[in-house]
Amino acid sequence: HIITNDHVTKIFKSVQVEHAGETLQAKILTYDEPNDLALLKTNNNPEVAFPLSNEALYLTQEITAAGYPLLSTLGRTLKVTGGMVSALNGLRNDFSTFQTDAAIQPGNSGGPFFDKKGNVVGVVVAKLKDKYKAENVGFGIKVSNIRNLINSYGVVLLNPNTDTVDARKFSESMTKGTVLL
């Protein structure tokens, strides 16, 4: 199962997943347009799956975004960027999202935000438009919305990690478990 943004899946007639040199067809199981989420499934059993955090976000919490931004410029390998939770709400006081100072680029949409324990705490959704002349103002969809979508479809979840993960090992896990759509 793969979580991404609804706005990412809407731009394609079909969704394919690139992972470990393979291209797999993905089926859109369901979507949540108001929260900009989509749940996909492939027939592949992944080597790595990520648990969802059970903890509420907090201000200054360190997070890492993973994704495939600016493919034609930066290439087709996983990119990560770190930051912190800057606000517990998003644009126009939207409490289903949060604000981060992690550098979000076009193409990061739908990628995961991780905490230091390797749990997913959100999904990248947007960055503040350049017309505001603001730097590093990005937004994520909170894990509670992700959990609601997944639970409504009956997907069994992993238990969250309770200990901080080794950064080097988690780097390998992110590469194996984060896919390009």
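These are my notebook entries on a predicted model.

**Ground rules.** I number residues from 1 along each chain as its sequence is written, and my side-chain values use heavy atoms, with hydrogens and water left out. As the model is predicted, local features need pLDDT of at least 70 and side-chain atom pairs count only at pLDDT 80 or more, while totals for chains, interfaces and linings use all residues.

**Entry 1: the barrel.** I looked up the sheet and found a closed barrel of six strands, in the order E5-E6-E7-E10-E9-E8, with antiparallel pairing. Helices (H or I, at least four residues) and strands (E, at least two) are DSSP runs, numbered from the N terminus. Two strands pair if DSSP finds at least two bridges between them. Neighbouring strands of this sheet are turned by 45 degrees against each other on average, with direction ignored. For such angles, axes are lines fitted to C-alpha atoms, for helices over the stretch in contact, and angles run from 0 to 180 degrees between N-to-C directions.

I then noted that E5 is joined to strand E6 (residues 79–87) by six bridges, and that the two run antiparallel. Glu-62 has Met-84 in E6 as its bridge partner.

**Entry 2: strand E10.** Which strands are joined to E10 by bridges? Strand E7 (residues 97–100) is joined to E10 by four bridges, and strand E9 (residues 120–127) by five; both pairs run antiparallel. Phe-98 stands opposite Gly-140 in E10, and Ala-126 stands opposite Phe-139 in E10.

Buried means under 20% relative accessible area, exposed over 50%, and partly exposed in between (1.4 Å probe, protein chains only).

**Entry 3: helix H3.** H3 lies across E9 and E10 and runs at about 40 degrees to E10. Contact here means heavy atoms within 4.5 Å.

Asn-145 lies in H3 (residues 143–152) and counts as buried because its relative accessibility is 11%. Leaving aside residues up to four places away in sequence, Asn-145 touches Asn-35, Leu-37 and Ser-96.

Arg-147 is also found in helix H3. With the same exclusion of residues up to four places away in sequence, Arg-147 touches Leu-52, Ser-53, Asn-54 and Leu-157. Arg-147 and Ser-53 are 94 residues apart in sequence, yet 9.3 Å apart in space, C-alpha to C-alpha.

**Entry 4: aromatic rings.** Rings of Phe, Tyr and Trp (its six-membered ring) pair if their centres lie within 6.5 Å; planes under 30 degrees apart count as stacked, over 60 as edge-to-face and the rest as tilted. By this rule I record four aromatic pairs. In one of them, Phe-50 and Phe-114 have ring centres 4.7 Å apart and planes at 65 degrees, so the pair is edge-to-face. This pair links distant parts of the chain, 64 residues apart: Phe-50 is in the loop between strand E4 (37–41) and strand E5 (62–67), and Phe-114 is in strand E8 (residues 112–114). Both Phe-50 and Phe-114 are buried. Together with Phe-170, they form one aromatic cluster.

**Entry 5: positive phi.** Leu-70, in the loop between E5 and helix H2 (71–74), has a phi near 45 degrees, a positive value in a residue other than glycine. Leu-70 is partly exposed, with a relative accessible area of 32%. Asn-93, in the loop between E6 and E7, has a positive phi near 65 degrees.
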